Amino acid sequence: MRPGRHLLAAGATLAALMLSGCGGTAPALAPAPGVSRTACGSVRLASNPWAGYDANLAVVKLLAEKELGCKVTVRAEAEADSWKHLADGSVDAILENWGHDDLKKKYIDTDRVAVEGGLTGNKGVIGWYVPPWMVAEYPDITNWKKLKDRWELFKTPKSGAKGQFLAGDPTYVTNDEALLRNLGLNFTVVYAGSEDALIKAFRDAERTKTPLLGYFYSPQWLLSEVKLVHIPLPPYTPGCDADPKTVACDYQPYDLDKILNRTFAYSGSPAAELIQNFSWTNDDQNQVASDITAKKLTPQAAAQKWLDSHPQVWRKWLPATT
């Protein structure tokens, strides 16, 4: 989740893995009638604030530049701003979208300024997590109802007379304040401030055996290092989160996808085809994200490392004429 409503958040099998208000897989993109394939030229990609997105961006950017000869510029901003700039044409593509059925309805179905660009291949899981030491010490903590009795474990100076629920970046779209209220839990949301700060908090909580309940999501490279434990909430069913004020169910699981500016999608740019074809696994993304975030490689170096090891994957993403 991040990311979006992650996610965000969720590993449950569910027939309603919606990609949009209409659902379904994006159709193959091709130049509009009368438009021939063009040289790549300039491509403007959104960058949203979580490590998984950074991994997608690093790989797509490097391929677009080295294989297609594109000039790539990046616009770093919150998710909602990326959609607005996609609509006004100052961003060509969002490389990892977590749901946002409301924005799809507006920009794809109603305004017709954007199109779905196909799945990324990543499965998005958003939810509530605790560090693994807590499950060993308090085995029943994975039952959310037990949080009603154990809230005092989670008190911090920032949470006052309630237990602390730690969230990440305040720009992420989350349900946690409403969930805590509607499930009758004596907790208050405290923001870590960023994905990096949230990761550090969970790492520290496991290392020092400090109680921590917070928002987290997969794919995320930290989960390969610290096996955070997901606390299932009342099961998600389609529509149970339609009203943010009354939501009392777990987060929706997602098949993550890409969103393209409509004009760019049908312009004949080979970058549009590359982006549509781009698809990999959670493990692939976590590898690149870990190299950038934990191992401190530059995004370009991390992307090149992955590309060198997986030519059989990425060559399938290139336009057929490349």
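This is a predicted model: local features need pLDDT of at least 70, side-chain atom pairs count only at pLDDT 80 or more; totals for chains, interfaces and linings use all residues.

User: Why are α1 and α10 called roughly perpendicular?

Analyst: Helix α1 (residues 51-68) and helix α10 (residues 282-293) pack at an angle of about 100°, with their axes 8 Å apart. Axes are lines fitted to C-alpha atoms, for helices over the stretch in contact, and angles run from 0 to 180 degrees between N-to-C directions. Angles under 35 degrees count as roughly parallel, over 145 as roughly antiparallel, 65 to 115 as roughly perpendicular and the rest as oblique. The two helices, α1 and α10, are therefore roughly perpendicular to each other. The helices themselves are DSSP runs (H or I, at least four residues), as strands are (E, at least two), numbered from the N terminus.

User: What makes α2 and α3 parallel or perpendicular?

Analyst: The angle between α2 and helix α3 (residues 101-110) is about 5°, and their axes are 11 Å apart. That angle makes α2 roughly parallel to α3. In this packing, W83, K84 and A87 of α2 meet L103, K104 and Y107 of α3. By class, the contact of α2 with α3 has four nonpolar, no polar and two charged residues.

User: What makes the pair D92 and R44 a salt bridge?

Analyst: A salt bridge is a side-chain nitrogen of Lys or Arg within 4 Å of a carboxyl oxygen of Asp or Glu. The side chains of D92 and R44 meet at 3.0 Å, N to O, and the pair is a salt bridge. D92 lies in the loop between α2 (79-88) and β3 (93-97), and R44 in strand β1 (residues 42-47), 48 residues apart, so the pair links distant parts of the chain.

User: Are D92 and R44 buried, exposed or partly exposed?

Analyst: Buried means under 20% relative accessible area, exposed over 50%, partly exposed in between (1.4 Å probe, protein chains only). With a relative accessible area of 3%, D92 is therefore buried. R44, at 34% relative accessibility, counts as partly exposed.

User: How do you know that D204 and K200 are joined by a salt bridge, and where do they lie?

Analyst: The closest N and O atoms of D204 and K200 are 2.7 Å apart, and the two form a salt bridge. Both lie in helix α7 (residues 195-208), four residues apart, about one turn of the helix. D204 has a relative accessible area of 22% and is therefore partly exposed, whereas K200, with 52%, is exposed.

User: Why is α9 called largely enclosed by the rest of the structure?

Analyst: Seven of the eight residues of helix α9 (residues 270-277) are buried, so α9 is largely enclosed. Among the buried residues are P270, L274 and I275. The buried residues of α9 pack against β1, α1, β3, β4, β9 and α8 (262-265).

User: What makes the approach of N48 to E77 a polar contact?

Analyst: A polar contact is a pair of N or O atoms within 3.5 Å; within protein, one must be able to donate a hydrogen and the other to accept it, and residues adjacent in sequence count only if both atoms are side-chain atoms. The side chain of N48 reaches the backbone oxygen of E77 at 3.0 Å. N48 lies in the loop between β1 and α1, and at 2% relative accessibility N48 counts as buried.

User: Why is T120 called buried?

Analyst: T120 has a relative accessible area of 0%, and is therefore buried. T120 is placed in strand β4, and a polar atom of its side chain lies 3.1 Å from the backbone nitrogen of N122.

Technical notes
Residues are numbered from 1 along each chain as its sequence is written. Side-chain values use heavy atoms; hydrogens and water are left out. Contact means heavy atoms within 4.5 Å. Ala, Val, Leu, Ile, Met, Phe, Trp, Tyr, Cys and Pro count as nonpolar, Asp, Glu, Lys and Arg as charged, and the others, Gly among them, as polar.
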